[in-house]
Every structure is written in C-alpha cells, then in structure tokens.
Amino acid sequence: MYVRDLSISGYRNLEATTLAFENTVNLFIGENAQGKTNLMEALYVLGFAKSHRTNRDRELVTWGKDYARIHGEINKRIHSLSLDIQLSTRGKRAKLNGLEQQRVSEFIGALNIVMFAPEDLNLVKGGPKQRRRFIDMEIGQISNVYLYHLSQYHRILKQRNQLLKEYAQNRTNEATVMHEVLTEQLVKTAAQVVQRRLSFINQLQKWAGPTHRSISRQLEELQIAYVPSADVSLELDLSTIENIYANAFQEKKEQEMRRGLTLIGPHREDLAIYVNDRDIQTYGSQGQQRTAALSLKLAEIELIEKETADPPVLLLDDVLSELDDFRQSHLLNSIQGKVQTFITTTNISGIKHEVLQQAKTFHVNNGNISPSE
Ligand SMILES: Nc1ncnc2c1ncn2[C@@H]1O[C@H](COP(=O)(O)OP(=O)(O)OP(=O)(O)O)[C@@H](O)[C@H]1O
C-alpha cells in the first residue's frame, strides 16, 4: 500500500498543505526543529489514530488552534481508501471513505505503518514497557479484535487495582465477591491477549531470525521469546491458558491484597531477546542491540505483508544515517521497490547515493514543506 496524497492543517508547527508522494522513496531534508518528525508523526497518526510520542492529542494541535486535521488518500493493492482524522480537546473523529467510525479502533490498521526512529534503537535496551508497546501496536494494526481485548483488559485491571488498593488500605484479608468477579473477567481477557502475543512473537521470530543472520553476516542467531507471568506457552488452548492464570492469581491472592496491586498478567510481561543464546539486553554490544532492533522492524514489514497481503508504509525518522553502510544497504535492499518509504534527515551526506537518486525530495523549513524542483 502507499500514501498517494496527504493534506494536513492545524497540525503542530506544520503549515496547512497538500503533498503528493512517490510510491517509492520520499526524502525530507531540514534543519533541527523544522517539522520533519511532526510530518512523520502525522502519517503515523493516520495509521494508529494516536501519536508515537504522546498520549495527549491536544499537543498535536497547533498552538492557538482548535483542531488538527489529517487527510490521506491511500492506494492499496486492490482498492483505494480515503482516511480522515480530526483531533481536538473534545476528542477525535475518524472517517473511512467519508464514513464516520463509531469506534476509533475500527479506523486503526486501514493504513499499516512500520516506524523506525532513534528511540526504537532502544527497543532491546529499554524497559519492558517499551517492548510491550511495540508488541501491542504491531498486533493492534493487524487485529481490531486484539485491540478490543486489550482495552477491556486495561479497563478491568484498573477497577481491580482500585479494589486491591482499598483492601490494602483497610488491611483486610477478606476478599469480596467483587474480587472474584473482576479476577474472573481479568483472566478471560488476559488469556486472549497472551494467546495472541505468543503467536505473534512466534511469527515474528520466523522473519527476524533469517534477517538478523544475514545482517550479522551469518555470525549471529537471533532468538526472541515471550516472557509470560504465568506458566503458559504457544501450544496451549484458550481454556487451558485461562486455568493457568486463574491458578496463578489464586496463589498470589494474599500478596496482591497486601500490596494493593495486580501482580501478574499481560501488563507485567516482556519480550526476551537472545543472540547466540545470550540475553542481549544485559550482554549485548550496542551494535548487536541495533541489529536486533532493525531485524525486528524488518520482520514486522514481512509479517504485516503476510497478514494483510499488502506491504506496509515505512517511516525512517532520522535513523538512516545512524546505521552504518552495511546495515543501511541491508535495510534498503530488503525494501527496494516494494515498500513506500519516508525518510527524514538533517544532512544527506550520511545517506547512500542510490537512495538519493530514486527519492522524491522535499525541504522542510519552519513548518513549510515544499517539493524540490
Ligand atoms: N502543538 C504545536 N504547535 C506549534 N508548534 C509546535 C507544536 N508542537 C511542537 N511544535 C514545534 O515543532 C517543532 C519541532 O518539530 P519536529 O519535532 O518535527 O522537528 P524536526 O524537524 O524533526 O527536528 P529534529 O531533527 O530536531 O528532530 C518545534 O519548533 C516545536 O516548537
């Protein structure tokens, strides 16, 4: 798929504009703080209905304006789509082909995006929250059902934590029926979320392994594994997963009531990343960690293409020149002619000649984006 045209107004520091893109490479050149990341973010919002940098939509609206609007014309393999999202303090409104969506989650994933930004280089080194976010965003854009289960899970978790906090404050060890009800509901949604995550990681491994081997010149084997907080695994069916979580919660009951917190479940789980059987979060060099992050992103492109029969759009925000020549070549070879790519940079000197040759170039200056003559 590719973004054919994009119109933006009231978005951060960007001037209202309409841009036509190439279905190959689009390159945005500008000094720092001119609006390059803002443009990448606007494309991201068109895919995910939220920013990759903030949860507060208000921040996306130009200071002093009431709302921001992003409109995109998307060409898919067999049809085209018109996407429209409006963000304001009063919430967001999303339209697909002119039709307003009751739930914003139904809008997510119409445009599939893989973004690779400097902070993604920390995917391996950063905390579990960052890796959970990666997993959730990726599954979310290929499965609305997953998004539904995940939001249910967080809603129930919040209520359950509130109840546990009351127990802890009153120093009671007598659980109420409400505890039983919420635990049962939490277990059901947890099982759905975890089962999907286990199968996603298993799929991702199939693509990330060979990619990493090739980028590391056959020297390294990448292994990723989901780290659940109860003893579950991929082969188990949903009701077995539910039973295992139910038992695990039973075991933790007293501890949870004392501490006033839900101690197990998808919100506490992680992704482990090994290279040649070593956990690279602790032992990996910076180079290995970068290669692993890149392999995971490239694997995502393959996985989305397989799941949706259409390659996603790739956003490389200020990251290409961070990769050495060999990694840059690998990245570019694997997307060549297949994936529409948006690249931002302050300086073209770090970017390979072949990319510059085929790219449509735009200049970004103080919020104004203009195509090169
Ligand atoms: N809501 C907003 N309204 C107006 N301007 C904003 C808003 N939010 C951010 N900005 C401005 O946008 C600019 C930052 O743009 P952006 O993050 O896209 O920079 P960039 O071109 O990617 O630069 P860098 O290379 O440093 O990342 C800053 O000048 C900031 O003050």
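This report describes strand pairing and the ligand surroundings in a predicted model.

The model is predicted: local features require pLDDT of at least 70, side-chain atom pairs count only at pLDDT 80 or more, and totals for chains, interfaces and linings use all residues. Residues are numbered from 1 along each chain as its sequence is written, and side-chain values use heavy atoms, with hydrogens and water left out.

**Strand pairing**

Helices (H or I, at least four residues) and strands (E, at least two) are DSSP runs numbered from the N terminus. Two strands are taken to pair if DSSP finds at least two bridges between them. In general, strands of a sheet pair through backbone hydrogen bonds, in either the parallel or the antiparallel sense.

Strand β1 (residues 2-9) pairs with strand β4 (residues 67-75) in the antiparallel sense over seven bridges; within this pairing, D5 has E73 of β4 as its bridge partner. Strand β1 also runs antiparallel to β2 (residues 17-20), to which four bridges join it. Here the bridge partner of L6 is L19 in β2.

Six bridges link β9 to β10 (residues 270-275), and V275 of β10 is the bridge partner of L222.

**Ligand surroundings**

The ligand is surrounded by 17 residues (near means a heavy atom within 4 Å), the closest being A33, G35, K36, T37 and N38. By class, this shell has three nonpolar, eight polar and six charged residues. In this scheme Ala, Val, Leu, Ile, Met, Phe, Trp, Tyr, Cys and Pro count as nonpolar, Asp, Glu, Lys and Arg as charged, and the others, Gly among them, as polar.

The table lists contacts between N or O atoms within 3.5 Å.

| Residue | Protein atom | Ligand atom | Distance |
|---|---|---|---|
| R12 | polar side-chain atom | nitrogen | 3.3 Å |
| Q34 | polar backbone atom | oxygen | 3.0 Å |
| W63 | backbone N or O atom | nitrogen | 3.1 Å |

The protein covers 77% of the 660 Å² of accessible area that the ligand has on its own, as computed by the Shrake-Rupley method with a 1.4 Å probe.

G35 is found in the loop between β3 (25-29) and α1 (36-48). With a relative accessible area of 6%, G35 is buried, a term that denotes under 20% (1.4 Å probe, protein chains only). The unreviewed UniProt entry places the feature "binding site" at G30, E31, N32, A33, Q34, G35, K36 and T37; such annotations may be inferred rather than shown by experiment.

Definitions and conventions: A polar contact is a pair of N or O atoms within 3.5 Å; within protein, one must be able to donate a hydrogen and the other to accept it, and residues adjacent in sequence count only if both atoms are side-chain atoms. Buried means under 20% relative accessible area, exposed over 50%, partly exposed in between (1.4 Å probe, protein chains only).
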